[in-house]
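Here is a short report on one protein chain. Look at the structure first, then read on.

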Amino acid sequence: MLVLKRFLAFFIDYIIIISYAILLFKVTILSSETFNFNLETINPIKSQFISFLTLTIPVILYSVLTERSSKKGTIGKWVTGICIEAEKKHILKRNILKYLPWEFAHTGVHWIYFYANKNAEIPSWIWVVLIIPQLIIVVYIITIIYTKGESSAYDKFSSTKIKLKKRLI
């Protein structure tokens, strides 16, 4: 039950995150046309930094601020009736670990885009940067299933747990 609620909560939060990412992408496209810069020639380090500031940091802040709030969870967790059990100081660590694979994947995507636009062979280190996050996510999912939804690898490392909210009625 908790496993399904946890995955549903993630799905709801992911819809919110994807909606924000789509909006951000549209703003980026409009900005590139307005300020006359070419997205195909941007340096991958610069694009990584920009995406980190405009996408990753806001997503982590969304998670941290909502999980530290009196609701003890993101909108997805609130809707599904689950919450984070943790000291507030552990919630930032939890979310950094949770989104770290996502950021590694972004790095790989930026570099693939860079090499593809140059019609150059993609170095093998980029494939490693893209595969490792997938493996970490599999570990996260397995640990969530194994603990019946109460914990994941990133929860274990950050001393946090997921619980069903207590009903007043």
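## The second largest pocket

The second largest pocket has a lining of 24 residues, and F10, Y14, K98, I137 and Y140 lie nearest its centre. This is a predicted model. The space in this pocket comes to about 580 Å³.

Which helices build the lining? α1, α4 and α5 (124-146) each supply at least two residues of the lining of the second largest pocket. The largest share comes from α1, with seven residues. By class, the lining of the second largest pocket holds 17 nonpolar, two polar and five charged residues.

## The largest pocket

Now turn to the largest pocket. Its volume is about 720 Å³. Its lining is made of 22 residues. Of these, F25, T28, S47, S51 and H110 lie nearest the centre.

α1, α2 and α4 each give at least two residues to the lining of the largest pocket.

Rolling a probe the size of a water molecule over the atoms shows where empty space is left.

## The nonpolar core

The largest nonpolar core has 14 residues. Which of them touch the most other members? They are I17, L55, V59, I82, Y99, W102 and I162. Four elements each supply at least two residues of this core: α1 (2-34), α2, β1 (82-85) and α4 (88-117).

Take I17 as an example. Leaving out residues up to four places away in sequence, I17 touches V59, Y99 and W102.

## A closer look at T54

T54 sits in helix α2, which covers residues 44-68. Is T54 buried, exposed or partly exposed? Its relative accessible area is 29%. Buried means under 20% and exposed means over 50%, so T54 counts as partly exposed.

What does T54 touch? Residues up to four places away in sequence are not counted here, and T54 touches Y20 and L24.

Finally, compare sequence with space. T54 and A21 are 33 residues apart in sequence. From C-alpha to C-alpha, T54 and A21 are 9.1 Å apart in space.

Terms used. Residues are numbered from 1 along each chain as its sequence is written. This is a predicted model: local features need pLDDT of at least 70, side-chain atom pairs count only at pLDDT 80 or more; totals for chains, interfaces and linings use all residues. Side-chain values use heavy atoms; hydrogens and water are left out. Buried means under 20% relative accessible area, exposed over 50%, partly exposed in between (1.4 Å probe, protein chains only). Contact means heavy atoms within 4.5 Å. A nonpolar core is a set of buried Ala, Val, Leu, Ile, Met, Phe, Trp, Tyr and Cys residues joined through side-chain atoms within 4.5 Å. On a 1 Å grid over the protein atoms alone, a cavity is a set of points where a 1.4 Å probe fits but cannot get out, and a pocket is an open set with protein on both sides within 12 Å along at least five of seven lines; lining residues have an atom within 4 Å of a point. Grid points are joined across faces, edges and corners, and a volume is the space filled by probe spheres set on the points. Ala, Val, Leu, Ile, Met, Phe, Trp, Tyr, Cys and Pro count as nonpolar, Asp, Glu, Lys and Arg as charged, and the others, Gly among them, as polar.
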